[in-house]
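Trainee: Hi, could you walk me through this one? I'd like to look at it piece by piece.

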Amino acid sequence: MSEVTVSREGLATLDFVEGLHEALEELGAQAAHISELDLSLFSLAVIEIATNIAVHGPRGDEDVSLSVELSAGEELRATLRDSAAPVTFDPRAQTMVDALAESGRGLAIAAAVCDELSVERRGGNVWRLVRRPAA
């Protein structure tokens with residue numbers, strides 16, 4: 001099975017995140033072997049991380065760049081590279097917040113639906129997400 005890759009880059013804004021929905025649909029259309037459930041859960045994780053970058057990455061008037069590479073082969077993979085200040089937490093250690101909280105679920109959701117979730121701090125952040133399709 002060949003691997004399919006879709007990429008996008010731009011400024012980390014909510015409009016950019018909205019455009020990622022189209023990129024994820026394009027990935028799904030090119031990778032018919034991936035189930036709708038696996039693609040939906042993977043998409044949820046990608047959108048949650050990208051939204052966090054767009055909302056929390058910029059400081060003051062500075063723009064944050066974001067590049068996203070999505071791939072589907074034996075597994076679903078995403079690499080998100082941003083120019084934001086390095087994050088100072090472990091994304092896998094996030095827990096679900098109180099049910100009445102208005103925010104704070106994104107990382108916990110992404111960690112729950114991905115088999116791997118990591119972030120490296122290198123001149124910004126490099127997020128890696130992996131979801132292995134159910135057998």
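Trainee: How many helices and strands are there in the chain?

Mentor: The chain has three helices and five strands. Helices (H or I, at least four residues) and strands (E, at least two) are DSSP runs, numbered from the N terminus. Before we go on, this is a predicted model, where local features need pLDDT of at least 70 and side-chain atom pairs count only at pLDDT 80 or more, while totals for chains, interfaces and linings use all residues. Residues are numbered from 1 along each chain as its sequence is written, and side-chain values use heavy atoms, with hydrogens and water left out.

Trainee: Thanks! In what order do the elements run?

Mentor: Starting at the N terminus, the order is β-α-α-β-β-α-β-β.

Trainee: And how much of the chain is buried?

Mentor: Of its 135 residues, 41% count as buried. Buried means under 20% relative accessible area, exposed over 50%, and partly exposed in between (1.4 Å probe, protein chains only).

Trainee: Let's look at the helices. At what angle do helix 1 and helix 2 pack?

Mentor: Helix 1 (residues 14-30) and helix 2 (residues 36-56) pack at an angle of about 160 degrees, and their axes are 10 Å apart. That makes helix 1 roughly antiparallel to helix 2. Axes here are lines fitted to C-alpha atoms, for helices over the stretch in contact, and angles run from 0 to 180 degrees between N-to-C directions. Angles under 35 degrees count as roughly parallel, over 145 as roughly antiparallel, 65 to 115 as roughly perpendicular and the rest as oblique.

Trainee: Which residues of helix 1 and helix 2 meet?

Mentor: From helix 1 there are Leu14, Val17, Leu20, His21, Leu24, Leu27 and Gly28, and they meet Leu39, Phe42, Ser43, Val46, Ile47, Ala50, Thr51, Ala54 and Val55 in helix 2. By class, the residues of this contact are 12 nonpolar, four polar and no charged. For those classes, Ala, Val, Leu, Ile, Met, Phe, Trp, Tyr, Cys and Pro count as nonpolar, Asp, Glu, Lys and Arg as charged, and the others, Gly among them, as polar.

Trainee: Can we zoom in on Leu20? Is Leu20 buried or exposed?

Mentor: Leu20, in helix 1, counts as buried at 1% relative accessibility. Leaving aside neighbours within four places in sequence, Leu20 is in contact with Arg8, Ile47, Ala50 and Val68. Contact means heavy atoms within 4.5 Å.

Trainee: What about Ala23: which residues is Ala23 in contact with?

Mentor: Ala23 is also placed in helix 1, and with 0% relative accessibility Ala23 counts as buried. Apart from neighbours within four places in sequence, Ala23 is in contact with Val6, Arg8 and Leu70.

Trainee: Why is helix 3 largely enclosed?

Mentor: Seven of the eight residues of helix 3 are buried, so the rest of the structure largely encloses it. Those buried residues pack against helix 2, strand 4 and strand 5.

Trainee: New topic: how many residues has the largest nonpolar core?

Mentor: It has 39 residues, and those with the most contacts inside it are Ile49, Leu70, Leu80, Trp127 and Leu129. Helix 2 gives the most to this core, with nine residues. A nonpolar core is a set of buried Ala, Val, Leu, Ile, Met, Phe, Trp, Tyr and Cys residues joined through side-chain atoms within 4.5 Å.

Trainee: One last spot. Where is Gly57 found?

Mentor: Gly57 lies in the loop between helix 2 and strand 2. Gly57 counts as buried at 8% relative accessibility. Not counting residues up to four places away in sequence, Gly57 touches Asn52, Glu62, Val64 and Ala84.
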